[in-house]
Amino acid sequence: MVHVGIGYDVHALVEGRKLILGGVEIPHPKGLDGHSDADVLMHAITDAVLGALGAADIGHFFPNTDPRWRNASSQVFLKEAARQVGLRQGKIVNIDATMIAQQPKLAPHIAGMQANIAAALGINADQVGVKVTTNEHLGFIGREEGIAAMAVASVDRP
Ligand SMILES: [Zn+2]
């Protein structure tokens, strides 16, 4: 039976941090603040996959008080989510995600993000949808104070 899960995440844009989205380092004067590499896209997808399992969220598996995850690559989180799917004899059917960012332009990096996400999850890039939209200059995203991502995952499992 196919189960679906949803994930949402947001991180603040600050100076002095790299901007890493979908495992791609993107040239930009600001980056996302967080305990790990703050890859908001991978975090939303991790929660979507865990949600399809009825499992606890990313913070349960990777508490942000744990020094092991300081500046960690968020690919570790996706790999753990995929491992949890395998533990339940499941298979990821597909992922779809949308990033909401006013700046920078992310479209040129989408193919690289899809490849990184697929590799971390052990699926094909054509099973990973990544889309990007602006916030039409509205609110904190529109003011370039942060970037958000939402994702759904479908998982075929007993
Ligand atoms: Zn996060």
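Predicted model: local features only at pLDDT ≥ 70, side-chain atom pairs only at ≥ 80, totals over all residues.
Good morning. His 11 is buried, and so is His 43.

I turn next to the strands. Strand 1 pairs with strand 7 in the antiparallel sense, over 11 bridges. Within that pairing, the residue opposite His 11 is Ile 147 of strand 7. Strand 7 also runs antiparallel to strand 5, residues 91–100, and nine bridges join these two. Here Thr 98 stands opposite Met 150 of strand 7. How many of the 11 residues of strand 7 are buried? Eight are, so to be buried in this count each has a relative accessible area under 20%. Strand 7 itself spans residues 146–156 and is mostly covered. As a general point, the side chains of a regular strand alternate between the two faces of the sheet.

Asp 37 is buried and yet has no salt bridge. How far away is the nearest side chain of opposite charge? That side chain is Arg 17, at 6.4 Å. What Asp 37 does have is a polar contact, side chain to side chain, with Ser 74 at 2.4 Å. Leaving aside residues up to four places away in sequence, Asp 37 touches several others, among them Arg 17, Ile 20, Leu 32, Asn 71 and Ser 74.

Most residues other than glycine have a negative phi, and most peptide bonds are trans. Ala 38, in the loop between strand 4 and helix 1, has a phi near 65°, a positive value in a residue other than glycine. Gln 89 likewise has a positive phi, near 55°, and is placed in the loop between helix 3, residues 75–87, and strand 5. Are these residues buried or exposed? Ala 38 is buried, with a relative accessible area of 0%, whereas Gln 89 is exposed at 62%.

A further backbone feature concerns the peptide bond between Gln 103 and Pro 104, which is cis, with omega about -10°. Pro 104 is located in the loop between strand 5 and helix 4, the latter covering residues 110–121.

Gly 54 deserves a brief mention. This glycine is found in the loop between helix 1 and helix 2, residues 58–61, and is exposed, with a relative accessible area of 66%. The C-alpha atoms of Gly 54 and Val 4 are separated by 9.4 Å, although the two residues are 50 apart along the chain.

I close with the charged pairs. Side chains of opposite charge can pair when their charged atoms come close. The count of salt bridges comes to four, and I shall describe some of them.

Arg 68 forms a salt bridge with Asp 66, with the closest N and O atoms 2.9 Å apart. Arg 68 counts as exposed because its relative accessibility is 60%, while Asp 66, at 15%, counts as buried.

Arg 83 and Glu 80 meet in another salt bridge, at 3.0 Å from N to O. Both lie in helix 3, three residues apart, or about one turn of the helix. Arg 83 is partly exposed at 48% relative accessibility, and Glu 80 is buried at 16%.

Arg 143 forms a salt bridge with Glu 145, where the closest N and O atoms are 2.8 Å apart. In this pair Arg 143 is exposed at 54%, and Glu 145 is partly exposed at 39%.

Thank you for your attention.

Technical notes:
Residues numbered from 1 in each chain as written. Heavy atoms only, no water. Buried < 20%, exposed > 50% of the residue type's maximum accessible area, 1.4 Å probe, protein only. Helix = DSSP H or I, 4+ residues; strand = E, 2+ residues; numbered from the N terminus. Pairing = 2+ DSSP bridges. Lys, Arg positive; Asp, Glu negative; His and termini not counted. Polar contact = N/O pair within 3.5 Å; in protein donor to acceptor, adjacent residues only side chain to side chain. Contact = heavy atoms within 4.5 Å.
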